[in-house]
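Visitor: I'd like to go through this one and ask where the labels come from. Could you show me the structure before we start?

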Amino acid sequence: MRRRISLLVVATTSAVVVSFVIPLCLLVGTLAEDRALAAADQEARNVAILVSGLTDEAQLAELVAGIDRRGTPSTQVLTAGGRQLGSGPDMTDDADVRRALDGEAFTVVDETGGQVLLPVVGPEGTAVVRSVVGPDDLDRGVLRAWTGIVALGLVLLAAALAIASRLGRRVSDPLRQVADTAHRLRSGELAARAEVAGTEETQELARALNGLAERTTELLTVERAAVADLSHRLRTPVTALRLDAEAVADPELGQRLQEHIGVLQRTVDAIVREARRPVRTDLAPDCDVTATVARRLEFWRPLAEDQGRPLQVVLPAEEVRVPLSEVDLADLVDVVIDNVFAHTREGTALRVELHRSGEVAVLAVSDSGPGFSDDRAQRVGTSGLGLDIASRTAAGAGGSVRTGRSAEGGALVEVTLPVRRR
């Protein structure tokens with residue numbers, strides 16, 4: 001837009017400047033020519049006065065020679081007796097001179113220059129005074145004047161371009177800010193708001209975009225409230241299931257039911273926690289996986305020491321950012337580590353390693369326990385309901401969760417997340 005405004009202003013200004021410069025240049029040429037001919041006419045009239053007042057041709061010849069030596073314009077006299085006074089082309093056989101001898105005073109301008117011819121009528125007949133200026137005299141100072149005029153025109157064009165660029169920026173910059181806010185909203189930054197500035201149309205656009213962002217936030221609030229309400233409703237039948245499971249006579253079946261109900265309870269709690277998350281949380285989150293994993297390990301370390309579990313931690317020294325919120329990443333890390341505490345005996349060694357491999361961050365949690373059973377993997381789809389939730393969380397950020405066997409023969413859970421470019 002700024003470029004188009006600048007081009008429009010420059011085109012308009014160019015038309016104005018050209019329509020001003022060309023006539024002015026022509027006028028300067030005409031004024032220079034008129035000035036040279038006026039000087040020639042004045043000199044010719046001065047000499048004509050001398051011719052009419054002097055009868056001594058020798059004295060007149062001396063005066064004309066003195067005038068002629070001064071340079072431009074060059075003046076000659078053809079006396080009534082046919083004698084030419086002053087240097088220059090022959091006047092006796094000149095058509096313009098014969099025309100002047102008939103009593104006509106006139107000016108001639110052609111490619112050879114300009115000349116003023118004045119007839120002087122005396123008692124002895126008609127004499128002719130001719131004052132001549134060359135083509136250089138007719139154009140004297142014209143080129144310098146044209147250069148100044150063209151330079152002035154270019155300065156005006158440059159000034160118009162600068163003003164147009166400034167005005168264009170005042171129009172385009174607020175629009176760019178609105179577009180930038182729209183891109184931030186599209187990427188999930190719900191707190192982004194456009195500054196209401198610029199022209200009336202741009203201000204109206206900014207207000208409309210801000211209104212859309214507010215409406216989107218309201219809709220998300222309503223949606224999360226509905227999910228939270230549904231989650232709370234689920235807790236009642238879960239509690240009823242727990243009471244019924246306690247009444248089961250078969251201890252093994254009751255224990256199994258209690259485990260399943262516990263998993264279901266944790267899942268419902270996770271849903272409630274997710275529904276209660278503040279709406280201001282960005283849809284395009286970002287956090288440092290190194291710092292988050294370190295903080296969660298500090299939380300789990302006392303429990304590992306309590307249970308006599310050797311805990312080995314390998315973390316990179318650099319910051320590694322991934323497209324997950326700190327809350328989601330912390331939940332994912334907790335699920336993976338809790339999987340070890342929940343399914344291995346006390347004293348089982350635990351190793352947590354985080355490293356960056358190209359454009360992905362890899363979090364590997366391994367133990368020295370019995371590893372994953374095939375029957376359990378088939379029953380829950382991967383390796384447990386918690387890990388299934390972790391897998392969906394990682395997939396939502398463009399990553400994945402893989403299970404396998406560790407070097408010690410136990411379980412290995414490897415979480416891969418894309419690294420966000422700074």
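Visitor: What makes W300 count as buried or exposed?

Guide: The relative accessibility of W300 is 9%. Buried means under 20% relative accessible area, exposed over 50%, and partly exposed in between, using a 1.4 Å probe and protein chains only. W300 therefore counts as buried. Bear in mind that this is a predicted model, where local features need pLDDT of at least 70, side-chain atom pairs count only at pLDDT 80 or more, and totals for chains, interfaces and linings use all residues. Side-chain values use heavy atoms, with hydrogens and water left out, and residues are numbered from 1 along each chain as its sequence is written.

Visitor: How do you know that F299 and W300 form an aromatic pair, and which kind is it?

Guide: Rings of Phe, Tyr and Trp (its six-membered ring) pair if their centres lie within 6.5 Å; planes under 30 degrees apart are stacked, over 60 edge-to-face, and the rest tilted. The structure holds two aromatic pairs. For F299 and W300 the centres are 5.6 Å apart and the planes stand at 90°, an edge-to-face pair. Ring pairs also bring in F341, giving a cluster of F299, W300 and F341.

Visitor: What sits over the face of F299?

Guide: That's R296, at 4.5 Å from the ring centre. To qualify, NZ of Lys or CZ of Arg has to be within 6 Å of the ring centre and within 35 degrees of the ring normal. R99 does the like with F106, its charged end being 3.8 Å from the centre of that ring.

Visitor: What is the order of strands in the open sheet with antiparallel pairing?

Guide: The order is β2-β1-β5-β4-β3, five strands in an open sheet. β2 (84-85) and β3 (106-110) each have a single partner strand, so one side of each is left without a neighbour in the sheet. Helices (H or I, at least four residues) and strands (E, at least two) are DSSP runs, numbered from the N terminus. Two strands pair if DSSP finds at least two bridges between them. Strands β4 (residues 113-122) and β5 (residues 125-133) are antiparallel, with nine bridges, and V116 has S131 in β5 as its bridge partner.

Visitor: Is A105 buried, partly exposed or exposed, and what makes it so?

Guide: A105 has a relative accessible area of 48%, so it is partly exposed. A105 belongs to the loop between α3 (95-101) and β3. From C-alpha to C-alpha, A105 is 5.6 Å from L117, though the two are 12 residues apart in sequence.

Visitor: What makes the pairing mixed in the sheet β7-β9-β10-β12-β11?

Guide: This open sheet of five strands has mixed pairing. β7 (residues 311-314) and β9 (residues 350-357) run parallel, joined by four bridges, whereas β9 and β10 (residues 360-367) pair in the antiparallel sense over eight bridges. Six bridges join β11 (residues 400-405) to β12 (residues 411-418), again antiparallel.

Visitor: Which residues have a positive phi in its hairpins?

Guide: G358, in the hairpin of β9 and β10 with two residues between the strands, has a phi near 70°. In the hairpin of β11 and β12, with five residues between them, G409 has a positive phi of about 95°.

Visitor: And how do you know whether D367 is buried or exposed?

Guide: D367 lies in strand β10. Its relative accessible area is 5%, so D367 is buried. D367 and E408 are 7.2 Å apart, C-alpha to C-alpha, and 41 residues apart in sequence.
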